[in-house]
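Let's take a walk through this structure, one region at a time. Keep the viewer open as you read.

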Amino acid sequence: MISRSYTNLLDLASGNFPAMGRERERRRMPRVMTLPGSICEMDDDQAHSVSSENPSSLAGDRMIVVANLLPLKAKRRPDNKGWSFNWNEDSLILRLRDGLPEDMEVIYVGSLCVDVDPIEQDDVSNYLLEKFRCVPAFLPPNIVEKYYEGFCKRHLWPLFHYMLPFSPDHGGRFDRSMWEAYVSANKLFSQKVVEVLNPEDDFVWIHDYHLMVLPTFLRRRFSRLRMGFFLHSPFPSSEIYRTLPVREEILKALLCADIIGFHTFDYARHFLSCCSRMLGLEYQSKRGYIGLEYYGRTVGIKIMPVGIHMGHIENMKKLAAKELMLKELKKQFEGKTVMLGFDDLDIFKGINLKLLAMEHMLKQHPKWQGQAVLVQIANPTRGKGIDLKEIQAEILESCKRINKQFGKPGYEPIVYIDRPISSSERMAYYSIAECVVVTAVRDGMNLTPYEYIACRQGMSGSEADSDVDGPKKSMLVVSEFIGCSPSLSGAIRVNPWNVEATAEGMNEAISMAEPEKQLRHEKHYRYVSTHDVGYWARSFLQDMERTCIDHFRKRCYGIGLGFGFRVVALDPNFRKLSIDDIESAYIKSKSRAIFLDYDGTMMPQNSIIKSPSAEIISILNRICADQNNAVFIVSGRGRDSLSKWFSPCGKLGLAAEHGYFLRWSQDQEWQTCSQNSDFGWMHLAEPVMQSYTDSTDGSCIEKKESAIVWQYRDADPGFGFSQAKEMLDHLESVLANEPVAVKSGQFIVEVKPQGVSKGLVAEMIFTSLAERGKLADFVLCIGDDRSDEDMFEIIGDALSRNILSYDTKVFACTVGQKPSKAKYYLDDTSEVRFMLESLAEATITPYTSDEEAEVSA
């Protein structure tokens, strides 16, 4: 039987039940617990916040690191009875613990690089948890193939490296069953995390594109969990990412994390652009921190390139010296100028482009023939890879051609190594290389240049060896499309697609004067040695703590199904408006002020018919009938529309154009709430707006009596936002000496008279009532958008300014469960109408006008 959460998420992914569903596993006792008992499976009917009522049994915070692979090496014992495990010293997630506090326990959750027989899995799990603090996730074969080799490697990996699936053989068409397997695998990882999780004490740090929907599963169960995600691959531009059929599902899943990390600003900028274009979210930058406001939560955006582990590099250099590999390589390449390439063998590393650049350099600079050697090490990929055979054939053909053309006895310009090499052997090659060349056409980070710089610094301390402790110099030729490029300002950056420019860069690197090489090396080494993997981990943890600081101050709850799930974080005093409470206060009060927004409050925003229904007219008339009530519709609409629509409501007050025009009742004249009645500034503002309208497709101008608005809701989001920002500066300059306010809002730029807002209208009405000796002791204010927040704020201040009674009952209410200055909410317009109907029934004086009778008829 498939769990309900499993089916709901996969229903969203596929519209049906997947064929790959596993039988529900037997429940296991958790190996690390907050309270005695068992942790049940995560079902959708348990998607509320789960937290312990008692303090954690653990002494301090822990970090649970989740990645596709555990930082372990595994091999079968010689007797074929069981497994032997040891740490993978090259694993990045293993090294990040050096940046965490010494007393912070680190637990790793991930899969193993070997297949473990089901009957051995429990024993292996217990052993790894006890000896290594690792929790293995064993994926069924029918899921792992489609999850890793399928969706990860044939969909996400190519797309994130800017390869579009133009044909089945080029990138691969989207396969829904692979997406289902990806979701299933992420759910299995989440179950393993839950087994060892203390939600109030632990941090969870999820790594890379294999687990991008994991945050949704964990957030459904633990609304206050402190959770971060770091993407180690590039994030493509919105034009590329938007081709992914499950683009919104992945974005929403990532936004369930508290902080999302990227190596470079470019990757973060692309992610923010996708959130803007596809989800309508805009980011804000405050005091150097970037954040996305998402249903009351601030999702932090962290930009920090990862570093290397200096201690590990030092150990590998010493090992290389002991194994005499360095001496052998020095002897082999004696008298030669060695350039080194070390790359995984895949389509994006640009290995053949590097070979072509070497060929071009030898042609253009014959002095290097017989002297310069390019050692290219191609590290075999773990997966199947895309077009792997074609890449290998192309590389071998280029090597053969170049060596044939420029080689001679005792000299080959290309030395191609296509076998795995040890870390110590890699250090030995770094030590003899005059220059490292990286020509990847797209790569998330690439730490090869960092390792090379650290290695060329030589060994420190008394164990330094003259063979390893070479000159303190290094040169780099790096692609501008890799993540480490921005941090290496002394490197020669090249466009790898431009073979001629890359060749010139290689020539420049090996021809540069020795003092210049040393200066560049010193600059790079200062950065690499201080911005190591520990610094990266420490910085990420600090930002995660800062982002999560309000977790236990706010009220959090989850809403939505499938990948539409999100956590809404609200002020603890923010609650749903109780009809009984407001009705009781209404009956007891003697002077009431009621302010009602119209669009989105009385009338749904998506309603085609904008005029009020007979039901609304009837409700308003019954409430207005009580002489103790001052009822106002406060709207951004023009006074003509409001006068026409509410003509049956003789005693209803109207405030039009956000309060510029005010009328207390139908038998009174409209009055203006601004002292300025000169609208000559419109003749200055309109031509400016028109010029931007002409150049911004999808934008338009809306003219009102007191204001002029430029709207770009239907324009390209990025271009519209850019144009709005430019227009704002332009208008502020043009209208600097005019009595107007220029403001930007959601997809609008508005110019209106200074001192006009819904809040000031509310203040005027309170003051007028006070002057009449009718201090309001009951205030109801309902609205749904930003302009209504002014009213909520003014009402809060009015109590301290003696324009309201000292014991006034205030009900500031927003429509929809969202962050607001109001203290109450109602879910939608139907609940607003129901609440007003209750107040109408509680109104003492019956009232029916001739106009209402006609409408009712």
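Predicted model: local features only at pLDDT ≥ 70, side-chain atom pairs only at ≥ 80, totals over all residues.

You'll find Tyr 162 in the loop between helix H4 (141–160) and helix H5 (176–196). Its backbone is worth a look: Tyr 162 isn't a glycine, yet its phi is positive, at about 70°. Asn 446 also has a positive phi, near 70°, and is likewise a residue other than glycine. Asn 446 sits in the loop between strand E15 (435–438) and helix H15 (448–456). Is Asn 446 buried or exposed? At 11% relative accessibility, Asn 446 counts as buried.

Now for a sheet. This one is open and has 9 strands, with mixed pairing, in the order E5-E4-E1-E6-E7-E8-E11-E10-E9. At the edges stand strand E5 (134–136) and strand E9 (283–286); each has a single partner strand, so one side of each lacks a neighbour in the sheet. Going from one strand to the next, the twist averages 25°. Strands of a sheet pair through backbone hydrogen bonds, and they can do so either parallel or antiparallel. For a parallel example, take strand E1 (residues 62–69) and strand E6 (residues 202–207), which pair over 5 bridges. There, Val 65 stands opposite Trp 205 in E6.

What about cysteines? A disulfide is a covalent bond between the sulfur atoms of two cysteines. Searching the whole structure turns up 0 disulfides. Take Cys 275: the closest cysteine sulfur, in Cys 274, is 7.0 Å from its own sulfur, so the two are too far apart for a bond. Cys 275 is buried, at 0% relative accessibility. Cys 548 counts as buried as well, at 5%.

His 312 is next, in helix H10 (residues 310–322). Its relative accessible area is 11%, so His 312 is buried. Leaving aside residues up to four places away in sequence, His 312 touches Glu 89, Asp 90, Arg 95 and Ser 423.

For a helix pair, look at helix H19 (residues 579–588) and helix H26 (residues 829–842). They pack at an angle of about 35°, with their axes 10 Å apart, and the crossing is right-handed. Which residues meet in H19 and H26? From H19 come Ile 579, Ile 582, Glu 583, Tyr 586 and Ile 587, and from H26 come Phe 834, Met 835, Ser 838, Leu 839 and Ala 842. By class, the contact of H19 with H26 has 8 nonpolar, 1 polar and 1 charged residues.

Two more stops. Strand E28 (residues 740–745) and strand E29 (residues 748–753) run antiparallel, joined by 6 bridges. Ser 744 has Val 749 in E29 as its bridge partner. The hairpin of E28 and E29 has 2 residues between the strands, and Phe 747 takes a positive phi there, near 65°.

Finally, Lys 703 is in strand E26 (residues 700–703). Lys 703 touches Glu 686 and Ile 708, not counting residues up to four places away in sequence. The C-alpha atoms of Lys 703 and Gly 638 are separated by 10.0 Å, with the two residues 65 apart along the chain.

How values were computed. Residues numbered from 1 in each chain as written. Heavy atoms only, no water. Helix = DSSP H or I, 4+ residues; strand = E, 2+ residues; numbered from the N terminus. Buried < 20%, exposed > 50% of the residue type's maximum accessible area, 1.4 Å probe, protein only. Contact = heavy atoms within 4.5 Å. Pairing = 2+ DSSP bridges. Axes fitted to C-alpha atoms, helices over the stretch in contact; angles between N-to-C directions. Disulfide = S-S within 2.5 Å. Left-handed = near helix turned anticlockwise from the far one by under 90°. Nonpolar A, V, L, I, M, F, W, Y, C, P; charged D, E, K, R; others polar.
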